[in-house]
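Hi there,

I'm passing a structure over to you and would be glad if you opened it in your viewer while you read. My notes are below the entry.

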Amino acid sequence: MLGNEAIARGLYEAGVKVVSSYPGTPSTEITEFAAKYDEIYCEWAPNEKVATEVAFGASLRGARSACAMKHVGLNVAADPLFTLSYTGVGGGMVLFVADDPAMHSSQNEQDSRHYAIAAKVPMLEPADSSEAKDFVKAAYRISEEYDTPVIIRMCTRIAHSQSSVELCEREEITLPEYKKNPQKYIMAPANAIRRHPFVEERTKKLQALGETSSLNKIEKTGKEMGIICSGTCYQYVKEVFGDSVSVLKLGLVNPLPVEIIKDFASYVDKLYVIEELDPIIETHLNNIGIKCVGKEMFSLLGEYNQNTIRKAFGIPVPENTATDTAIPIRPPVMCPGCPHRGLFYTLSKHKITALGDIGCYTLGSAAPLFALDSTLCMGASVSGIHGFNKAGGEESEKKTVCVIGDSTFMHSGMTGLVNIAYNGSNSTVIILDNSITGMTGHQQNPTTGYNIKGEPAAAVNLEELCRSIGIERVRVVDPYNLKECEDAILEELSVAAPSVIISRRPCMLLKYVKAKSPVTVNEDKCVGCKMCMKIGCPAISIKNGKAHIDFTQCVGCDVCTQMCKVNAIEKGDR
Amino acid sequence: MSTKNIMIVGVGGQGSLLASKLLGSLLTDEGFDVKVSEVHGMSQRGGSVVTYVRFGDKVYSPVISEGEADVIVSFEKIEAARYLACLKKDGKIIVNTQEIDPMPVITGSAEYPSGIIDEMRAKGAFVDAIDALELAKQAGNAKSVNIVLMGRVAKYFDIPYEKWLLAIEKNVKPQFVEINKKAFALGYNV
């Protein structure tokens, strides 16, 4: 079972009633798998802040609740989290946060453990799928017993690895009668001042729990060296050393225990801490006066594996070889038929500055389109263009756009658009509406008209929404039509008014979108000018001086046909 | 049994996740401790993708690093070469000879390497190269390249043929089972 599927199973078995999340790799499947259980109410919220507050509401009403997000999602959810630490919970509440060391699919490599420390909430870190499920149930017990939200920290190699899991029955929890408790839940200063000492006291109790809890495992064998680690690093340590070294595996990674660490340190001659990303455990050891070796041997960057550890300890890595020929890199690319391609070509052709956002369309930054100028975080394109244009004035307004997907716009682009309308910049906002949350693997969102289970739901009308915000110039274009796109972009840039262009066409990978026959190159007509190559379609290559279209990839979007000056690209007959 | 390592490499969208799912389910049913590690998201969009399958009595790490892979199954020609350093000294490479140009080749900033299979052999690797795309087309669906290659993988493992077919039935959508069984047989017998 995938780590994320095991988490979902844990939610089911723990009797969880409400799950609200926003998709984000590598956390997405937690909520998708949870939605397969009829006993759990699941939803995609517009963003992680909303999701966390939904889970808070469910907890306030007495139910066990959850939300899942990627590491940067916790930045968005940080506001409710920090005060939830003060209110504590009604029904147990757990946040699942998936870090992405090595940035397989992320814009930074932040270490979520800092949040648990800063918000003063307990954090658990499982090391495989079986533990992931068990830790979910432990987290709900801790949440209710210690009156606190709990964070479970995942990472790509736990979330997206499959290992075996034993299934148990669901624990049914009866919803208690609702009782008003303003001293606990209204965090105005007078009440919050009284809750803060509770938080500090709770941390001490949780630290005491860590001293005895089976979440932390001590494997005392050889006295020569001992390693303290958690999560996926435990697996790498065991892979390299087996049972030959002593290991303290931490499952409760915040607050960290003191006594068992001191005891473990005194048992071994030399103590090492192996942890990916930041030296959190190592700093704790320094604080309690225990000498150890950590980041002086290991990197602050990226993922580790068994060879990272072998190399650090001077153990030879298995013999291996590599080719002398340099293998060209294969970066991810926009898919054949991607509706964003035609629009990005227009931006690229006219050398328009484009502030980008988070989603598949970040790929428009790559060769040969080079269509983007920035990517920061969810929603930053819309807020950013306003600042860019306020700084650059009319000159920049006439050659700058921002691009943001439909889901990202709902997540946190809307507020930026409100700012554009309210504070008056003549910015041109392009919403790339492909009718789905694409990059994370096709999740529904408030604009698609369907909920997480695929049932019909209310759909936000983007045109009306933008108009009601105060944008008068709102228009829709088909990104497969290069001329229409070009005309719209050039016109809106020239007008001294804020405007929104909605580039609308569903993602080519959606099941209901049917591919057309692949186009083919008439080699007699093709002059090998490579105009069709400018759109960066992976289905097009040059073979023997002529354009060649790979029929296994082409979906017949016809964008390349519009690029060809000699009409050499013809519609297929299949 | 000591841990065995299979790496599946290819281009995002070629169906390597289904192949790893099939292997994972088959090996679990065979009673092994199995770990399968995948990467989803950004890298799936036409990028180079790699999936690790590890099985044995007790598997710890979910990933395979340099010099550890018993078998590398490559869905595309140069992807095998990209991960050659992960191959064990006496490891085997099963490679689909299909060429998919990466973006630097499409834009002309790099050339698609030639003679890469000979070079891997010269480096001492055992390379079993097959045209899985052609066989997939013969089976009736160009998308069954993944199952053709699993058929080839089956040659090198001591698991009965019928068990593989059961795993296909279990992991493939009912309407594609027949085509995939055909694809599997073509890969096995080529």
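Predicted model: local features only at pLDDT ≥ 70, side-chain atom pairs only at ≥ 80, totals over all residues.

I'd begin with the second largest pocket, which holds about 560 Å³ of space. Its lining counts 36 residues, and those closest to the centre are A:Gln107, A:Ile358, A:Gly359, A:Met378 and A:Met439. Sorted by class, the lining comes out as 19 polar, 14 nonpolar and three charged residues. Which helices supply at least two residues each to this lining? They are helix 4 (71–87) and helix 16 (406–423) of chain A. Helix 4 gives the most, with four residues.

**Cavities**

Searching the whole structure turns up six cavities of 30 Å³ or more. The largest cavity has a volume of about 120 Å³. Among the 13 residues in its lining, the closest to the centre are A:Cys335, A:Cys338, A:Cys360, A:Cys507 and B:Arg45, so do keep both chains on screen when you look there. By class, the lining of this cavity has nine nonpolar residues, three polar ones and one charged residue.

**Helix 18 of chain A**

Which of its residues are buried? The list is A:Leu482, A:Cys485, A:Glu486, A:Ala488, A:Ile489, A:Glu492 and A:Leu493. Viewed down the axis of helix 18, these buried residues fall within an arc of 165°, so they line one face of the helix. The N-terminal end of helix 18 is capped by A:Asn481, which has a side-chain oxygen 3.3 Å from the backbone nitrogen of A:Lys483.

**The loop between strand 15 and helix 17 of chain A**

Two residues here may be worth a click. A:Thr440 sits in the loop that runs between strand 15 (428–433) and helix 17 (462–469). Its relative accessibility is 18%, and because buried means under 20%, A:Thr440 counts as buried. The side chain of A:Thr440 makes a polar contact of 2.5 Å with the side chain of A:Gln443.

A:Asn445 is also placed in the loop between strand 15 and helix 17. With 6% relative accessibility, A:Asn445 counts as buried. Along the chain, A:Asn445 and A:Pro46 are 399 residues apart, yet their C-alpha atoms are separated by 7.0 Å.

A:Ser65 belongs to strand 3 (residues 65–70). Is A:Ser65 buried or exposed? At 0% relative accessibility, A:Ser65 counts as buried. Its side chain reaches the backbone oxygen of A:Ala55 at 2.8 Å.

A:Val89 lies in the loop between helix 4 and strand 4 (93–99). The relative accessible area of A:Val89 is 6%, so this residue is buried.

Happy browsing, and do write back with any questions.

Best wishes

Terms used
Residues numbered from 1 in each chain as written. Chains lettered and ligands numbered in written order. Heavy atoms only, no water. Buried < 20%, exposed > 50% of the residue type's maximum accessible area, 1.4 Å probe, protein only. Arc of directions from axis to C-beta. Polar contact = N/O pair within 3.5 Å; in protein donor to acceptor, adjacent residues only side chain to side chain. 1 Å grid on protein atoms, 1.4 Å probe; cavity = no way out; pocket = protein on both sides within 12 Å on 5 of 7 lines; lining within 4 Å. Points joined across faces, edges and corners; volume = space filled by probe spheres on them. Nonpolar A, V, L, I, M, F, W, Y, C, P; charged D, E, K, R; others polar.
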